[in-house]
Amino acid sequence: MIPPLWLAAAALLLSLIGLLIHWRAYRSLREAQVRRERWFQAQIENLERECRGLESALAGFGRHLDEVDRRLVKVAGTGTGRAPDRTGARPAGGPSATVDRQS
């Protein structure tokens, strides 16, 4: 029969080995999680940077369209200096207000 002291020593050794394996697995999983978090953070930062660039480009394009509208108004000779309404609504009393519809 195996003496109880040797059984206790073997149990202690096995529990230490199990604890070491558990600690290494936890550490590797934690490092993997940190790597994923860093990767996602980098992706978010890239998307934010790209979004800022697109917003800037759209703002520049909008300013360009406003300038084109001003030039068109000037060329059309209306003399109002205002850009046309982008909603598609026509001003009251304009040329379309006097046109009779034929059914």
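Hi everyone, this is a short walk through one predicted protein chain and what its atoms show.

A word on the ground rules. The model is predicted, so local features need pLDDT of at least 70 and side-chain atom pairs count only at pLDDT 80 or more, while totals for chains, interfaces and linings use all residues. Residues are numbered from 1 along each chain as its sequence is written, and side-chain values use heavy atoms, with hydrogens and water left out.

Let's begin with the overall picture. The secondary structure comes to one helix and zero strands. Here helices are DSSP runs of H or I with at least four residues, strands are runs of E with at least two, and both are numbered from the N terminus. Helix 1 covers residues 4-76, which is 73 residues. From its first C-alpha to its last it reaches 106 Å, close to the expected 108 Å; that expected span is 1.5 Å times one less than the number of residues. Just after helix 1, Gly77 has a positive phi of about 80°.

How much of the chain is buried? Buried residues make up 4% of the 103 residues. Buried means under 20% relative accessible area, exposed means over 50%, and partly exposed is in between, with a 1.4 Å probe and protein chains only. In helix 1, the buried residues are Ala32, Asp69 and Val73.

Now the surface. The chain exposes about 9,800 Å², and carbon and sulfur atoms supply 63% of that area. These areas come from the Shrake-Rupley method with a 1.4 Å probe; for residues, only the protein chains shown count as cover. Leu13, Leu14, Ile17 and Ile21 form a nonpolar surface patch, with about 410 Å² of accessible area together. A patch takes residues with over 30% relative accessible area and no salt bridge, joining like charges within 9 Å and nonpolar side chains (Val, Leu, Ile, Met, Phe, Trp, Tyr) within 5 Å. Ile17 lies in helix 1 and is partly exposed, at 41% relative accessibility.

Next, charges. Side chains of opposite charge can pair when their charged atoms come close. We call it a salt bridge when a side-chain nitrogen of Lys or Arg is within 4 Å of a carboxyl oxygen of Asp or Glu, and the count here is two. Glu67 meets Arg70 at 3.3 Å, N to O; they are three residues apart in helix 1, so about one helical turn separates them. Glu67 also bridges to Arg71, again with N and O atoms 3.3 Å apart. Glu67 is partly exposed at 33%, while Arg71 is exposed at 53%.

Last, which kind of aromatic pair do Trp39 and Phe40 make? The whole structure has one aromatic pair. The ring centres of Trp39 and Phe40 are 5.0 Å apart and their planes sit at 70°, so the pair is edge-to-face. For Phe, Tyr and Trp (its six-membered ring), centres must lie within 6.5 Å; planes under 30 degrees apart are stacked, over 60 edge-to-face, and the rest tilted.
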